[in-house]
Amino acid sequence: MKTFKMLSLAVVDGDQLVDYPLHDGLIINQENSQRSWVLEMLVDQKHESVFLDMQQTGKVYDVKVVISYPGNEPATFEVIIHAVKTIGEHVSVLMKGTLKRARRKYAETLLSELLEDGLEGQELLERFETDMRERPVLRKDETKSN
């Protein structure tokens, strides 16, 4: 098993990302045949009901996680909420899931969409750099999931 520091977590909600500021976070690659990961984070108690609701649905959620260094690209995981527990003034959220395979064509598809939007020059470069860091859901992916 390998353990990493989780620096941030955002839940994918349609084409939006909902950030949950962490007090602390840990992510474990279980290195098993199912390629499973365990993610645990401490968040403010005000978010408890959101994660309890997510747990009760039993649905699989996509989350974007920055691991180890703030400059790292977010990794996308498909997770279920396994447990939500109060610990002092915070809430521990335990998730289990798998790492989504990164699409190698993300950069090319993103660039194509930005060009379709009419961006060019410095504006294109700045938006491309921002979106490569933040990894928004691409229109091509939205049409697949609808």
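Let me begin with a contact between two side chains: Lys5 and Asp24 meet in a salt bridge, at 2.5 Å from N to O. The term denotes a side-chain nitrogen of Lys or Arg within 4 Å of a carboxyl oxygen of Asp or Glu. Lys5 belongs to strand S1 (residues 2-13) and Asp24 to strand S3 (residues 24-29), so the pair ties together parts that are 19 residues apart in sequence. Strands (E, at least two residues) and helices (H or I, at least four) are DSSP runs, numbered from the N terminus.

A word on the source. This is a predicted model, in which local features need pLDDT of at least 70 and side-chain atom pairs count only at pLDDT 80 or more, while totals for chains, interfaces and linings use all residues. Residues are numbered from 1 along each chain as its sequence is written, and side-chain values use heavy atoms, with hydrogens and water left out.

The structure holds four salt bridges. Another of them joins Arg127 and Asp131, at 3.0 Å from N to O; both residues lie in helix H3, four residues apart, about one turn of the helix. Is Asp131 buried or exposed? With 7% relative accessibility, Asp131 counts as buried, whereas Arg127, at 37%, is partly exposed. Buried means under 20% relative accessible area, exposed over 50%, and partly exposed in between (1.4 Å probe, protein chains only).

Let us stay with H3. Leu124, Asp131 and Met132 are buried in this helix. They cover an arc of only 100° around the axis, which puts them on the same side of H3; the arc is that of the directions from the helix axis to the C-beta atoms.
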